[in-house]
Amino acid sequence: MICVGGDIHGRITEFYAGVRAFEEALGRQFSTVLHVGDFGVWPDPEKVDRATRKHDGPGEFAEWLQAGRSVPRLTVFIQGNHEDFDWLAGLEGEVLPGLSLLSNGSTCTIEGGTGKVVVGGLGGCWSPRDFERPSSSLRGRERAHYTRDEVQALLRGPRPDLLLLHDAPDGVRFGSGGGRSYVSEAG
């Protein structure tokens, strides 16, 4: 069973407490947690962006990283638009024990009790200024934007069963209110 969440902005302990509470309510344990960005990857709390500083700060990622702490459930995340993009650049795979980055335009396969699920990722957000640029040319905050070459890489790879996005599709409007949680029996 797969759990999907997002936008925890470094509140890792609170997030996994919520995952465990969800499991308890369902009477089942999740095999994998998928995270749709803004996990709060700030290895150096002094480098947080203005929005993160203004709100809840960098969260616990630096502490978990320094301690080499494992996340309690296998977790795959895509970048959001508030992460340390320079640190994440060039990383693929495990960031903390049990926590893996799925970089833009990539897929991974999750194997569970009922089979395999191919997960694709396209993190960050759209920018008219950066979309047509090669992703390899982006630096710093520009890396918060996905690019055409990343979208094309996703289209050339294995067809995803699930697509993780941080940015809402065009035309989606958000009103006031809370988020929703979804559970998939796949995998």
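# Close-up views of a predicted protein model

**View A. The second largest pocket and its lining.** Fifteen residues, written as 15 in the count, line the second largest pocket, and Gln 79, Ala 89, Gly 90, Ser 103 and Glu 150 lie nearest its centre. On a 1 Å grid over the protein atoms alone, a pocket is an open set of points where a 1.4 Å probe fits, with protein on both sides within 12 Å along at least five of seven lines, and a lining residue has an atom within 4 Å of a point. This is a predicted model, in which local features need pLDDT of at least 70 and side-chain atom pairs count only at pLDDT 80 or more, while totals for chains, interfaces and linings use all residues. Residues are numbered from 1 along each chain as its sequence is written, and side-chain values use heavy atoms, with hydrogens and water left out. The second largest pocket has a volume of about 310 Å³, a volume being the space filled by probe spheres set on grid points that are joined across faces, edges and corners. Its lining consists of seven nonpolar, six polar and two charged residues. Here Ala, Val, Leu, Ile, Met, Phe, Trp, Tyr, Cys and Pro count as nonpolar, Asp, Glu, Lys and Arg as charged, and the others, Gly among them, as polar.

**View B. The largest nonpolar core.** This core has 20 residues, and those with the most contacts inside it are Ile 12, Tyr 16, Val 19, Phe 39, Phe 61, Phe 77 and Leu 99. The elements that supply two or more of its residues are α1 (12–26), α3 (61–67), β4 (93–96) and β5 (99–101). The largest share, four residues, comes from α1. A nonpolar core is a set of buried Ala, Val, Leu, Ile, Met, Phe, Trp, Tyr and Cys residues joined through side-chain atoms within 4.5 Å. Buried means under 20% relative accessible area, exposed over 50%, and partly exposed in between (1.4 Å probe, protein chains only). Helices (H or I, at least four residues) and strands (E, at least two) are DSSP runs, numbered from the N terminus.

View C. Leaving aside neighbours within four places in sequence, Ile 12 is in contact with Phe 39, Glu 60, Phe 61 and Trp 64, where contact means heavy atoms within 4.5 Å. Ile 2 belongs to strand β1 and is buried, with a relative accessible area of 1%.

**View D. The loop between β1 and α1.** Most residues other than glycine have a negative phi. Asp 7, in the loop between β1 (2–5) and α1, has a positive phi, near 55 degrees. His 9 lies in the loop between β1 and α1, and its phi is positive as well, near 45 degrees. Asp 7 counts as partly exposed because its relative accessibility is 36%; His 9 counts as partly exposed because its value is 24%.

**View E. Pro 58 and its contacts.** Pro 58 is found in the loop between α2 (50–54) and α3. With a relative accessible area of 23%, Pro 58 is partly exposed. Not counting residues up to four places away in sequence, Pro 58 touches His 9, Gly 10, Gly 40, Trp 42, Pro 45, Val 48 and Thr 52. Pro 58 and Pro 43 are 15 residues apart in sequence, and their C-alpha atoms are 8.9 Å apart in space.
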